[in-house]
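Student: I would like to go through the labels attached to this structure and ask what each one rests on.
Tutor: Then let us take them in turn.

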Amino acid sequence: GNLDNLNATVVQKMLDMYIGQSDIYLADIQSAIDVSSQDLWQEHTYKMKGAAGSVGMLKVHQHIVEIEKSTDSNQLKQQYFDDLKKLNTEGINSFKQWLATA
């Protein structure tokens with residue numbers, strides 16, 4: 001691969017940290033839906049957007065850009081959230097695959 005071991009280690013650490021962060025943010029976003037809080041929805045999606053952007057999870061970042069200011073019903077937000085979780089899992093998996101071949 002074109003990554004030396006040091007870089008791969010740094011990227012692996014970044015990914016591990018992101019996985020931990022995103023688990024927390026996803027739980028927080030779900031609870032924002034559960035308590036029907038627009039403020040918490042925007043706060044937690046915004047935090048996750050920043051985290052996703054900083055590690056290059058572009059699809060996750062883009063999805064959040066589209067939904068973070070949404071004032072749609074909780075039912076729709078739940079759908080956006082389910083999509084977000086799916087994109088996040090896919091992004092993490094392709095990150096892992098990329099690291100494995102780096």
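Student: How do you know that the length of helix 2 is close to what is expected at 1.5 Å a residue?
Tutor: This is a predicted model, and the comparison is made on its C-alpha atoms. Helix 2 has 18 residues, and the expected span is 1.5 Å times one less than the number of residues. That gives 26 Å, and the first and last C-alpha atoms of helix 2 are 26 Å apart.

Student: What makes S37 a cap of helix 2?
Tutor: A side-chain oxygen of S37 lies 3.0 Å from the backbone nitrogen of L40.

Student: Which residues of helix 2 are buried, and what covers them?
Tutor: The buried residues are W41, H44, T45, M48, K49, A51, A52 and V55. Their cover includes helix 1, helix 3 and helix 4.

Student: Why is K49 called buried?
Tutor: The relative accessibility of K49 is 16%. Buried means under 20%, so K49 counts as buried. Leaving out residues up to four places away in sequence, K49 touches H61, I64, V65 and E68.

Student: What makes the pair of K49 and E68 a salt bridge?
Tutor: The N to O distance between their side chains is 2.5 Å, and the rule asks for a side-chain nitrogen of Lys or Arg within 4 Å of a carboxyl oxygen of Asp or Glu. This pair links distant parts of the chain: K49 belongs to helix 2 and E68 to the loop between helix 3 and helix 4, 19 residues apart. Both K49 and E68 are buried.

Student: How many salt bridges are there by this rule?
Tutor: Three. One of them joins E43 and K47, with the closest N and O atoms 3.3 Å apart, which is again inside the 4 Å limit. Another is between E90 and K86, also given as 3.3 Å, N to O.

Student: Why are E43 and K47 separated by about one helical turn?
Tutor: They are four residues apart in helix 2. An α-helix has 3.6 residues a turn, so residues three or four places apart point the same way. The separation of E90 and K86 is likewise about one turn, because they are four residues apart in helix 4.

Student: How do you know that the span of helix 4 agrees with its number of residues?
Tutor: Helix 4 has 28 residues, which should span 40 Å at 1.5 Å a residue; its end C-alpha atoms are 40 Å apart, so the two agree. Its buried residues are K77, Y80, F81, L84, N88, G91, I92, F95 and L99. Helix 1 (5-34), helix 2 (38-55) and helix 3 (58-67) are among what covers them.

Student: Why is the pair of F95 and W98 called edge-to-face?
Tutor: The structure holds one aromatic pair. In it, the ring centres of F95 and W98 are 6.3 Å apart and the planes make an angle of 85 degrees. Pairing requires centres within 6.5 Å, and an angle over 60 degrees counts as edge-to-face. Both residues lie in helix 4 (residues 74-101), three residues apart, about one turn of the helix.

Student: Which residues touch the most other members of the largest nonpolar core?
Tutor: Of its 24 residues, they are Y18, W41, M48, M57, V60 and L84. Helix 1, helix 2, helix 3 and helix 4 are the elements that give two or more residues to this core. Helix 1 supplies the largest share, nine residues.

Student: What does M48 touch?
Tutor: Not counting residues up to four places away in sequence, M48 touches Y18, S22, Y25, L26, I29, V60, I64, L84 and N88.

Key:
Residues are numbered from 1 along each chain as its sequence is written. This is a predicted model: local features need pLDDT of at least 70, side-chain atom pairs count only at pLDDT 80 or more; totals for chains, interfaces and linings use all residues. Side-chain values use heavy atoms; hydrogens and water are left out. Rings of Phe, Tyr and Trp (its six-membered ring) pair if their centres lie within 6.5 Å; planes under 30 degrees apart count as stacked, over 60 as edge-to-face and the rest as tilted. Buried means under 20% relative accessible area, exposed over 50%, partly exposed in between (1.4 Å probe, protein chains only). Contact means heavy atoms within 4.5 Å. A polar contact is a pair of N or O atoms within 3.5 Å; within protein, one must be able to donate a hydrogen and the other to accept it, and residues adjacent in sequence count only if both atoms are side-chain atoms. A nonpolar core is a set of buried Ala, Val, Leu, Ile, Met, Phe, Trp, Tyr and Cys residues joined through side-chain atoms within 4.5 Å.
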